[in-house]
Amino acid sequence: MTETLHQDTGRTGLGGASGLFAIRLATGLVQGLALYLLYLAADGRTWPATQPALFGALALAAGYGPVTVLAAAGRIKPAAVILWTIVAAAVLALLGAHDVARQALEPSRQPPFLSFSVLAFGAAALFIAHHLIVPTIRERRWIVDYPEYFDLTWKAGVQLVLSLGFTAAFWILLHLGAALFGMIGLTFLRELLGEAWFAIPVTALTFATAVQLTDVRDGLIRGVRTVALMLLSWLLLVMTVLVAGFLAALPFTGLDGLWETRSATALVLSAAAALIVLINTAYQDGRADNLPPRVLRYGVRVASVLIAPLIVLAVWGLALRIGQHGLTPDRIIAAACTLVGTVYGAGYLLAAVRPGGWMRPLERTNVLSAVLSVLVILALFSPLADPARMSVKDQVARLERGAVPVGDFDYDFLRFESGKVGVAALEKLTRSTDAEVARLARAAKARDYRSGDTPKALRDRAAAVRLRAAPGQTVPASFTRQLDRHVDQLYACIAESPCVVRTLPFADGRPHLLLAAGQAILAFVQEPAGDWRMIARYQDACGAGEDLKAGLTEGATPTPATLPDLTVGGRTLQATPEVRCGASN
């Protein structure tokens with residue numbers, strides 16, 4: 001007797017979902033065309049790429065907004081899908097515009113101008129908000145039953161991973177095909193894949209198709225989700241043992257080693273986040289008929305207790321760093337994450353120790369923390385709680401009240417890491433009544449890149465610079481006081497081989513300071529404000545550094561340039577002569 005087994009492969013549902021498939025394909029096509037048009041504007045430096053804030057707003061909205069249609073279509077009414085998509089796109093656009101508007105963009109900065117932080121946290125906020133709002137719309141209640149949140153969120157997470165994997169596999173196969181054709185001399189496919197008009201819309205269409213294909217049978221996705229959750233839930237025991245061992249060892253090892261890592265807060269928050277995720281893989285929807293094995297239930301309770309001490313360590317470490325060095329954007333974001341972690345820690349601790357239904361308070365904690373996470377992200381990436389503005393205000397206040405010595409203050413932070421508000425604060429410091437503050441602020445303003453040294457390290461390097469004046473001359477005291485500005489150029493001026501300094505008037509009548517360092521002579525000029533600025537480098541490609549030092553000790557004579565400058569298209573071009581060592585020029 002033969003028995004035929006029929007399994008649900010999901011393919012039988014493809015034919016009945018044509019309307020939904022068309023909506024998602026149209027959404028992918030519109031998204032792909034929008035992103036391609038933005039690419040054209042960026043490539044040609046035309047509107048809206050000429051207005052960075054507008055471009056950033058459009059890029060973030062076009063990149064993330066259509067995903068709400070792909071995820072919500074078929075789950076809530078079309079009018080609700082349209083309204084939610086408009087609201088999400090508008091909020092994303094505002095976040096993108098603010099992110100770009102607060103930056104002090106360099107001329108070389110390329111579109112889309114958005115920072116990594118707003119891309120990452122914007123995606124997280126959209127994912128969380130979507131799975132809070134869609135169940136509310138569908139059930140017409142502000143707070144729905146926890147199994148609804150669990151089912152929709154974890155299913156969407158699996159769909160997202162599978163869709164991204166499908167899109168990546170699609171492109172891997174296309175490039176494999178291009179390589180095969182290339183072996184026989186046919187390059188049309190490789191050239192096609194390099195064309196933006198093809199690559200961008202096709203990527204969006206492929207992702208939309210993947211979302212549809214993973215949505216035709218809920219049972220199949222739930223099956224994948226069940227296997228993934230089951231495997232991850234058993235990792236909870238491993239993580240629980242590791243964290244418990246870590247906490248148990250702290251009384252014997254002390255906390256000094258933890259603080260010396262300079263990343264203690266990030267490490268313990270990461271451990272807490274891992275515990276939270278793994279706890280939820282074991283708890284799942286919390287239904288009585290879906291309880292995990294007894295050993296996992298005990299593991300969940302222990303792990304839930306361990307989150308609280310990790311959050312305490314995070315708060316402690318962050319408070320120490322802020323007390324020692326003040327606020328920075330990274331520390332403010334870490335403080336925001338710690339706030340969310342505190343809610344998780346308190347709620348999970350209550351769920352672990354409270355009698356009654358197994359871990360029931362965990363459900364409300366997850367919903368409350370999700371809402372708080374969205375609100376915190378919106379505040380951080382809007383003017384409400386802009387980390388750069390708050391950091392600059394705190395750092396300048398520390399300088400003004402003497403909490404940090406003038407020489408130890410991080411002026412480069414204002415110049416390079418805190419956007420327009422930092423640049424404005426640095427500009428104000430250049431006019432400070434404290435001459436040393438003003439000088440150091442002007443030095444930071446003049447730099448083209450952030451120094452890799454701390455203020456103390458810069459002073460130590462400047463103290464190690466050795467200069468020797470040419471006979472009959474002296475090194476200007478004002479230049480010596482500003483050596484910390486030029487240590488990157490004066491690295492060759494060491495005790496064993498001091499750099500030779502000579503002052504020489506040029507054609508403009510101003511005295512120029514010439515400094516023989518290595519195989520070049522550096523030319524400096526003093527600005528009216530008293531700051532020394534390097535304006536030229538005379539290179540000796542064929543000689544030795546000691547020859548230049550000896551020659552500059554004897555003297556130097558300005559010589560007219562052999563090759564004139566050229567003016568082309570309104571721009572002045574300077575000649576760089578070809579040098580042939582050992583041959584006459």
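Predicted model: local features only at pLDDT ≥ 70, side-chain atom pairs only at ≥ 80, totals over all residues.
1. For context, most residues other than glycine have a negative phi, and most peptide bonds are trans. You'll find Phe 113 in the loop between H3 and H4.

2. Pro 112 sits between helix H3 (78-101) and helix H4 (116-139).

3. There's a cis peptide bond from Trp 47 to Pro 48 as well, with omega near 5°. Pro 48 belongs to the loop between H1 and H2.

4. Those two helices pack against each other. H1 (residues 18-44) and H2 (residues 52-72) have axes 9 Å apart, at an angle of about 170°. An angle over 145 degrees counts as roughly antiparallel, so that is what H1 is to H2. On the H1 side the contact includes Ile 23, Arg 24, Thr 27 and Gln 31, while H2 brings in Phe 55, Leu 58 and Gly 63, among others. By type, the residues of this contact split into 13 nonpolar, three polar and one charged.

5. Met 359 is in the loop between helix H12 (329-353) and helix H13 (361-380). How large is its relative accessible area? For Met 359 the value is 0%, and the residue is buried.

6. On to the aromatics, where the count is 14 pairs. One of them is Phe 409 with Tyr 411, an edge-to-face pair with 4.9 Å centre to centre and 75° between the planes. Both Phe 409 and Tyr 411 are buried. Elsewhere, Phe 170, Trp 171, Trp 197 and Phe 198 make up one aromatic cluster.

7. Finally, the overall picture. The protein has 20 helices and seven strands. Its radius of gyration is 31 Å, whereas a compact globule of 585 residues would come out near 25 Å. The C-alpha trace spans about 110 × 70 × 45 Å along the principal axes. Of the 585 residues, 42% count as buried. Among contacts with a separation of 6 or more, 69% are between residues 24 or more positions apart.

Note on methods:
Residues numbered from 1 in each chain as written. Heavy atoms only, no water. Axes fitted to C-alpha atoms, helices over the stretch in contact; angles between N-to-C directions. Helix = DSSP H or I, 4+ residues; strand = E, 2+ residues; numbered from the N terminus. Parallel < 35°, antiparallel > 145°, perpendicular 65-115°, else oblique. Contact = heavy atoms within 4.5 Å. Nonpolar A, V, L, I, M, F, W, Y, C, P; charged D, E, K, R; others polar. Phe/Tyr/Trp six-rings, centres within 6.5 Å; stacked < 30°, edge-to-face > 60°. Buried < 20%, exposed > 50% of the residue type's maximum accessible area, 1.4 Å probe, protein only. Rg over C-alpha atoms; globule rule 2.2 N^0.38 Å.
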